[in-house]
Amino acid sequence: MPPRARSPYRALEGPDAAASALEATSVLNEDRIDDGNSRSYLLAWIMVHL
């Protein structure tokens, strides 16, 4: 089975996963962020789960 993708939604798995998602999101290409969101919104959403 291939390794699991590093997704911002992993932030829901707990504080350690949220920290990992925050790190992964900081280097995420703009084209990988949903058009309905901004990087700031995505980072804020993850930080709520730290």
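Helices (H or I, at least four residues) and strands (E, at least two) are DSSP runs, numbered from the N terminus. The model is predicted: local features need pLDDT of at least 70, side-chain atom pairs count only at pLDDT 80 or more, and totals for chains, interfaces and linings use all residues. Residues are numbered from 1 along each chain as its sequence is written, and side-chain values use heavy atoms, with hydrogens and water left out.

**Whole chain**

Of its 50 residues, 22% count as buried (buried means under 20% relative accessible area, exposed over 50%, partly exposed in between; 1.4 Å probe, protein chains only). Among contacts (heavy atoms within 4.5 Å) between residues at least 6 apart in sequence, 43% join residues at least 24 apart.

**Segment before H1**

Select Tyr9, in the segment before H1. Tyr9 is exposed, because its relative accessible area is 61%. Tyr9 and Ala21 are twelve residues apart in sequence, with their C-alpha atoms 7.5 Å apart. Next take Arg10, also placed in the segment before H1. Its relative accessible area is 24%, so Arg10 is partly exposed. From Arg10 to Ala21 the C-alpha separation is 6.3 Å, across eleven residues of sequence.

**The core**

Now select Ala11, Ala18, Ala21, Ile33, Leu42 and Ile46: these six residues form the largest nonpolar core (a set of buried Ala, Val, Leu, Ile, Met, Phe, Trp, Tyr and Cys residues joined through side-chain atoms within 4.5 Å). Helix H1 (15-26) and helix H2 (39-48) are the elements that give two or more residues to this core. Within the selection, pick Ala18; not counting residues up to four places away in sequence, Ala18 touches Arg10, Ala11, Ile46, His49 and Leu50.

**The helix pair**

Show H1 and H2 together. Two packed helices are described by the angle between their axes and the distance between the axes. The axes of H1 and H2 come within 9 Å and cross at roughly 165° (axes are lines fitted to C-alpha atoms, for helices over the stretch in contact, and angles run from 0 to 180 degrees between N-to-C directions). H1 is therefore roughly antiparallel to H2 (angles under 35 degrees count as roughly parallel, over 145 as roughly antiparallel, 65 to 115 as roughly perpendicular and the rest as oblique). To see the contact between the helices, select Ala18, Ala21, Leu22, Thr25 and Ser26 in H1, which meet Arg39, Leu42, Leu43, Ile46 and Met47 in H2.

**Two residues of H1**

Stay in helix H1 and select Thr25. Thr25 counts as buried because its relative accessibility is 1%. Neighbours within four places in sequence aside, Thr25 is in contact with Pro8, Arg39, Leu42, Leu43 and Ile46. Then move to Ser20, which also has its place in helix H1. At 23% relative accessibility, Ser20 counts as partly exposed.

**The loop**

Finish at Asn29, in the loop between H1 and H2. Asn29 counts as exposed, because its relative accessibility is 51%. Asn29 and Arg39 are ten residues apart in sequence and 9.7 Å apart in space, C-alpha to C-alpha.
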